[in-house]
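Please look over the structure below before reading on. The notes after it are grouped by topic.

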Amino acid sequence: MSLGFMEYEAKDNIIHRMDPRTKLFFMLFILVGSIILRDLFSLALLVLFGLCWWVLARIPISKLKTLVMAIMGLAVLFTVAQGFFYFR
């Protein structure tokens, strides 16, 4: 089974030429930032920072659409499951 939205795309831009350790540090920064930050403004800046990287990488919007749909499906599934298993 092939997941097209997760396949590597070779491009010649600043993000793809970066050292892989720098990209891993960026991912770790986003992960830790999303856990630590509590206010909406800081989280919005974090999302904006991530979207800037996405634009710089020139990844097609169709891949983002597929990823968002998959995440939304999981969110609905978890919400329904929480409704079945949460008792007061």
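The model is predicted. The chain has four helices and zero strands, and along the sequence the pattern reads α-α-α-α.

**The chain as a whole**

- The chain holds 88 residues, and buried residues make up 11% of them.
- A residue is called buried here when its relative accessible area is under 20%, and exposed when that value is over 50%.
- The accessible surface of the chain is about 7,700 Å². Carbon and sulfur atoms account for 76% of that surface.

**Helix 3: length and end**

- Helix 3 covers residues 40–57, which makes 18 residues.
- Arg58 follows helix 3, and its phi is positive, near 55°.

- Which residues of helix 3 are buried? They are Ser42, Leu46, Trp53 and Ala57.
- Seen down the axis of helix 3, these buried residues fall within an arc of 70°, so they line one face of the helix.
- An α-helix has 3.6 residues a turn, so residues three or four places apart point the same way.
- What do the buried residues of helix 3 pack against? Their partners are helix 1 (14–17) and helix 2 (20–36).
- The face turned away from the buried side carries the exposed residues Leu40, Phe41, Val47 and Val55.

**Val47 as an example**

- Val47 is found in helix 3 and is one of the exposed residues on the face turned away from the buried side.
- Val47 has a relative accessible area of 52%, so it counts as exposed, the cut-off being over 50%.
- Val47 and Ser34 are 13 residues apart in sequence, and their C-alpha atoms are 9.0 Å apart in space.

**Salt bridges**

- How many salt bridges are counted in the model? The count is two.
- Arg21 forms a salt bridge with Asp19, and the closest N and O atoms of the pair are 2.7 Å apart.
- Arg21 is exposed, with a relative accessible area of 62%, whereas Asp19 is partly exposed, at 33%.

**A nonpolar patch on the surface**

- Which residues form a nonpolar patch on the surface? They are Leu28, Leu31, Val32, Ile35 and Ile36.
- Together the residues of this patch have about 470 Å² of accessible area.
- Leu31, a member of the patch, lies in helix 2.
- Leu31 has a relative accessibility of 48%, so it counts as partly exposed.

Methods:
Residues numbered from 1 in each chain as written. Predicted model: local features only at pLDDT ≥ 70, side-chain atom pairs only at ≥ 80, totals over all residues. Heavy atoms only, no water. Helix = DSSP H or I, 4+ residues; strand = E, 2+ residues; numbered from the N terminus. Expected span 1.5 Å × (residues − 1). Buried < 20%, exposed > 50% of the residue type's maximum accessible area, 1.4 Å probe, protein only. Arc of directions from axis to C-beta. Contact = heavy atoms within 4.5 Å. Salt bridge = Lys/Arg side-chain N within 4 Å of Asp/Glu carboxyl O. Patch = residues over 30% accessible without salt bridge, like charges linked within 9 Å, V, L, I, M, F, W, Y side chains within 5 Å. Areas by Shrake-Rupley, 256 points an atom, 1.4 Å probe, with all protein chains shown as cover.
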